[in-house]
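This briefing goes through one protein model, topic by topic. Please keep the sequence and the 3D view at hand while reading.

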Amino acid sequence: AGISFGGQMHGLVILDENDEVIRPAILWNDGRTQKETDYLNEVIGKEKISACTANIAFAGFTAPKILWVKENEPENFKKIRKIMLPKDYLAYKLSGVHCCDMSDASGMLLFDVKNRCWSKEMLKICGITEEQMPKLFESYETVGTLKDELAEMLQIPNTCKIVAGAGDNAAAAVATGTVGDGRCNISLGTSGTIFISSAKFGVDKYNALHAFCDANGAYHLMGCMLSAASCNKWWMDEILKTKEYAKEQEDIVKLGENQVFYLPYLMGERSPHNDPSARAAFIGMSMDTTREEMTQAVLEGVAFGLRDSLEVARNLGIQIERTKICGGGAKSLLWKKIIANVMNLKVDVLEVEEGPSMGGAMLAAVGCGAYPDVETVGKKMAYVVDTVKPEEELVAKYEEKYQKFKKLYPSLKPLF
């Protein structure tokens, strides 16, 4: 009946006059745009950029990538007829419509989040026009129907609706029922996010959190760290040379007492530091340090990094008592327990850990009229099967550890 999407955000897909891809997409985690990011934040100015888009420039965002192509590949820049995001290119191939949804558009730094439209000022700064941008839709809106030739090939009716979909975190929020005011979701995927839904538009004064549109027509604040479950994958696959993830966590029992710290900045960091040059580090090892303590430090380092963003939200006066959790890392009971106690939040565990794809399917259901709105489908389909509660004694121990952790990045920053 319908197809929709939960897609990786920020990637630059550029098409020529024949709608052919001009160059390989520059993806969300690509840090080549430091010069362009500095130009936007320092020359154009953070205040102006934030006034236009509700955000400041981060190396992963789309606008700096456009400026990079303009500077480094002027012949490709001249060919651009359409600028798209990865999932929206798929929607175009299925429907023939150049489209983008509000949540994904929010992460391009070309979009006026408050007013849900392209920012004329930002387009001008980047040397592009509104004609080069896709048409905007809410995440649950139908952009078109499946092309006849694809319907035949895929054995799907050509009445199949193509629904706009959402950026991966906004889609994951739909899947976890994090829709409405003041709800929270933590995603432990390749990157890690803390996602706080809001009925009203709002921006923190340092722009440490992203202020984006939500998949239900409202807004959300989001802290994004570039390496989350990927930290554990790197540690297991590349360093320990094992695929026995669960086995490596079996003997970790002394929570809150680890003397080893890990900074989770394998690919630089976005929220709240905005530093592509930041790097990962282990600190505090001794001759007594064990393999288990190193593994534990990786899990704890990601939890501490996510708490950095939670603290920004708390400083805005946002009161959060519980969170949903999704992503591959959410399969680990130990990691969920660490997060519950580092954050001092009740962590609600869902039946389905894979958020974005489920959220995409749920948005398709709304687009097809099976549910009246996004909040309703979230309540119907996001099943909580367990809750991991913080323990008072552990919370106190992790509070002490977090106070040490948050001093490490500022101390090491000059070395990066």
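A residue is called buried when its relative accessible area is under 20%, exposed when it is over 50%, and partly exposed in between. The model described here is predicted. By that cut-off, strand β13, residues 192-198, is mostly covered, with seven of its seven residues buried.

- On one side of β13 the buried residues are G192, I194, I196 and S198.
- β13 runs antiparallel to β12, and five bridges join the two strands.
- The link between β12 and β13 is a hairpin of three residues.
- One of the bridge pairs is N185 with F195 of β13.
- β13 is also joined to strand β15 (residues 219-225), by seven bridges, and this pairing is antiparallel too.

**Helix α9**

- Helix α9 covers residues 229-239, and its buried residues are A229, S230, C231, N232, W235, M236 and D237.
- Which elements cover these buried residues? Strands β12 (184-188), β16 (261-263) and β17 (281-283) are among them. The helices among them include α10 (245-249), α11 (291-315) and α12 (333-343).
- After α9 comes K241, which has a positive phi, near 55 degrees.

**Salt bridges**

- Side chains of opposite charge can pair when their charged atoms come close.
- How many salt bridges does a search of the whole structure find? The search finds 20.
- One of them pairs E71 with K35, with 3.8 Å between the closest N and O atoms. E71 belongs to helix α2 (residues 62-72) and K35 to helix α1 (residues 34-53), so this pair ties together parts that are 36 residues apart in sequence.
- K35 is exposed, because its relative accessibility is 58%, over the 50% cut-off.
- E311 and R307 form a salt bridge with an N to O distance of 3.0 Å. Both residues lie in helix α11, four residues apart, which is about one turn of the helix.
- An α-helix has 3.6 residues a turn, so residues three or four places apart point the same way.
- R307 is buried, with a relative accessible area of 6%.
- R307 also meets E399 in a salt bridge, at 2.8 Å from N to O. R307 lies in helix α11 and E399 in helix α15 (residues 392-412), so the pair ties together parts that are 92 residues apart in sequence.
- E399 has a relative accessibility of 30% and therefore counts as partly exposed.
- Salt bridges with shared partners also join K87, D88, D101 and D104 into one network.

- E138 sits in the loop between β8 (135-137) and β9 (142-145).
- Is E138 buried or exposed? Its relative accessibility is 12%, so E138 counts as buried.
- The side chains of E138 and R116 make a polar contact at 3.0 Å.
- Leaving aside neighbours within four places in sequence, the residues in contact with E138 are D101, M102, R116, A164, D214 and G217.

**Cysteines**

- The search of the whole structure finds zero disulfides.
- C160 counts as buried, because its relative accessibility is 4%.
- C231 is in no disulfide either, and the nearest cysteine sulfur, in C224, is 12 Å away. C231 is buried, with a relative accessible area of 0%.

**Y383**

- Y383 is found in the loop between α14 (374-381) and β20 (384-388).
- With a relative accessibility of 46%, Y383 counts as partly exposed.
- Not counting residues up to four places away in sequence, Y383 touches V349, L350 and E351.
- Y383 and V179 are 204 residues apart along the chain, and their C-alpha atoms are separated by 14 Å.

Key. Residues numbered from 1 in each chain as written. Predicted model: local features only at pLDDT ≥ 70, side-chain atom pairs only at ≥ 80, totals over all residues. Heavy atoms only, no water. Buried < 20%, exposed > 50% of the residue type's maximum accessible area, 1.4 Å probe, protein only. Contact = heavy atoms within 4.5 Å. Salt bridge = Lys/Arg side-chain N within 4 Å of Asp/Glu carboxyl O. Polar contact = N/O pair within 3.5 Å; in protein donor to acceptor, adjacent residues only side chain to side chain. Disulfide = S-S within 2.5 Å. Pairing = 2+ DSSP bridges.
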